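Q: I'd like to learn how to read a protein fold piece by piece. Could you walk me through one?

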Amino acid sequence: MSVPCDILVIGGGPAGATAAALLAEAGHDVVLVEKSAHPRFHIGESLLPANLPLFERLGIAERIAAIGVRKPGAEFVSDAHRRSVAYPFAAGAARFDHSYQVPRAAFDTILFENAMRLGARGFQNLRVTAATFPKEPGRAEVTAVGAGGETRHFAPRFVLDASGRDTFLASRLRLKAADKHNNTAAIFGHFRNVARHHDGREGYISIHLVENGWFWFIPLPGGITSVGFVGNQSAFKARGGDIAAFFRAQIAGSPSVAARMADAETLGTVMAAGNYSYSARSACGEGYFLIGDAFAFLDPIFSSGVFLAMRGADAGAEVARAWLADPTTARRLARQAEARLNAALARLSWLIRRINTPALRDMFMAPQESFGMRAGLIALLAGDLDLPRFHLPVLAFKTSFHLLAALHPFGIRLQPDGSLRRAHGEKKEMVVF
Ligand SMILES: Cc1cc2nc3c(=O)[nH]c(=O)nc-3n(C[C@H](O)[C@H](O)[C@H](O)COP(=O)(O)OP(=O)(O)OC[C@H]3O[C@@H](n4cnc5c(N)ncnc54)[C@H](O)[C@@H]3O)c2cc1C
């Protein structure tokens, strides 16, 4: 016997739980299916200020504040430049001046429980294994298998796929395309006794730009620090079988990272996520919509994943509601939502693909005020990805990058004071932007 429902959501992470909560609150009959059981570990602990309005809307803002470390900004550190630059959210044009660093087990549990509080029917330890869709709008057939091998069937009118990097539908429908321009992988773990800041930057995420990649330092409650390395293929070429040993070698290779990790003790195991940026060719189809990592995954250097997942969930919930009322309107809404998501992804991808270039690193280590570029960069770091007032700063930033990239082969580099100089020589000319 199939259990009928309005909407079935595959996956109870941030995207799935957010969509389920919004739809249940609007009075729909929602089934939320999660293959594991909360609380469970997940990577992705640094949140963006742009997340805050959704926390308020979901009624969980205080609970998130209670489990997190307040995050007032992001810091970039570069051994090559021998400097660190702080980007406080309050100093830019961002709408909110802070976010949180959260243990994801607790964060995801709050979101999942909240969806059930609002009326969603939540199932855990239940893995969706098949979904078939009717040719005309009608009920899909979804099969799921429990931990003990029992099978359950559901008959939803609409399906939201929030299965994360498992990409349930995108993989089955062969929609998934790897990002060849960002072929990176990550190793990460939790540590005690990592050197922390004591100068107002206690809650900052630190991004250390190193050869062939970057490290994150995320301060979590209880003196725990999440540390991870994201590297390109050159970095991982040298990797042997032992990922913990490879991680230690990467740490030792960066003086600024090694200094912070001098007394660090590993908690649990070091983990890896491989070869990993992708997006589905389309988020929408007849009777379904893909949200969060089930649609696209970006390199996490700008901590954008959870925010994009929850924003996608908001859009996906709108599409689902529209589908129940009128599939023709829903198809149009779905295409518009997909275009907005793609625009936000493109804005971040532009930076991510260039993050290992000397010109972009010079710009991060010497932020310029002209044309609102620094404020615009801070807004982007806060997750304000598509407000019209940032169009000029973004254009100025991209133009400056292309200019610097063109000058780089001649040894001319951007200096912290905004001037351009030859790497080993005297000053050539003063600020040009
Ligand atoms: C190394 C690394 C570092 C990151 N750092 C950050 C960061 O600092 N900040 C940030 O915002 N983001 C970060 N991210 C990204 C972040 O983890 C994701 O973008 C975010 O978790 C996406 O949420 P989601 O709900 O789409 O997917 P998920 O959080 O992955 O949730 C998907 C859920 O679906 C369930 N599921 C999967 N398949 C099925 C199935 N068949 N049936 C039922 N359930 C299923 C899974 O068990 C899971 O609970 C990072 C990612 C990586 C890999």
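This is a predicted model: local features need pLDDT of at least 70, side-chain atom pairs count only at pLDDT 80 or more; totals for chains, interfaces and linings use all residues.

Q: Which residues of α1 and α4 make the contact?

A: From α1 you get Pro-14, Ala-17, Thr-18, Ala-20, Ala-21 and Ala-24, while α4 brings Asp-108, Leu-111, Phe-112, Asn-114 and Ala-115. Sorted by class, the contact of α1 with α4 holds 8 nonpolar, 2 polar and 1 charged residues.

Q: What about α9 and α10: at what angle do they cross?

A: α9 (305-325) and helix α10 (residues 327-354) cross at roughly 170°, and their axes come within 8 Å. Here the other cut-off applies: over 145 counts as roughly antiparallel. So α9 and α10 are roughly antiparallel to each other. As for the hand, α9 passes α10 in a right-handed crossing.

Q: Which residues of α9 and α10 meet?

A: On the α9 side they are Leu-308, Gly-312, Ala-315, Glu-318, Val-319, Ala-322 and Trp-323. On the α10 side, look for Pro-327, Thr-329, Ala-330, Leu-333, Ala-334, Ala-337, Arg-340, Leu-341 and Ala-344. Split by class, the contact of α9 with α10 has 12 nonpolar, 2 polar and 2 charged residues.

Q: And how are α12 and α13 set to each other, given their crossing angle?

A: The axes of helix α12 (residues 373-381) and helix α13 (residues 391-407) come within 8 Å and cross at roughly 105°. That makes α12 roughly perpendicular to α13. Met-373, Ala-375, Gly-376 and Leu-377 of α12 meet Pro-393, Val-394, Ala-396 and Phe-397 of α13. The tally for the contact of α12 with α13 is 7 nonpolar, 1 polar and no charged.

Q: Let's zoom out. Into which domains is the protein chain divided?

A: When you read a domain list, check whether a domain is written as several segments. This chain has domain 1 (2-43 + 103-178 + 280-348), domain 2 (185-273) and domain 3 (357-429). Between domain 1 and domain 2, the centres over C-alpha atoms are 31 Å apart. Their contact takes 5 residues from domain 1 and 8 residues from domain 2. The side of domain 1 that touches domain 2 is made of 3 nonpolar, 1 polar and 1 charged residues.

Q: Where does the ligand lie relative to domain 1 and domain 2?

A: Domain 1 and domain 2 both give residues to the shell around the ligand, so the ligand lies between them. Of the 39 residues around the ligand, Gly-13, Gly-44, Gly-164, Gly-292 and Gly-305 come nearest. Elements giving two or more residues to that shell are α1, β8 (126-132), β12 (185-192) and α9. α9 gives the most, with 4 residues. By class, the shell around the ligand divides into 17 nonpolar, 15 polar and 7 charged residues.

Methods
Residues are numbered from 1 along each chain as its sequence is written. A residue is near a molecule or strand if its C-beta atom, placed from the backbone, lies within 6 Å of it. Ala, Val, Leu, Ile, Met, Phe, Trp, Tyr, Cys and Pro count as nonpolar, Asp, Glu, Lys and Arg as charged, and the others, Gly among them, as polar. Domain bounds come from an automatic or database domain assignment. Two residues are in contact if their C-beta atoms, placed from the backbone, lie within 7 Å. Axes are lines fitted to C-alpha atoms, for helices over the stretch in contact, and angles run from 0 to 180 degrees between N-to-C directions. Angles under 35 degrees count as roughly parallel, over 145 as roughly antiparallel, 65 to 115 as roughly perpendicular and the rest as oblique. A crossing is left-handed if the near helix is turned anticlockwise from the far one by less than a right angle, and right-handed if clockwise.
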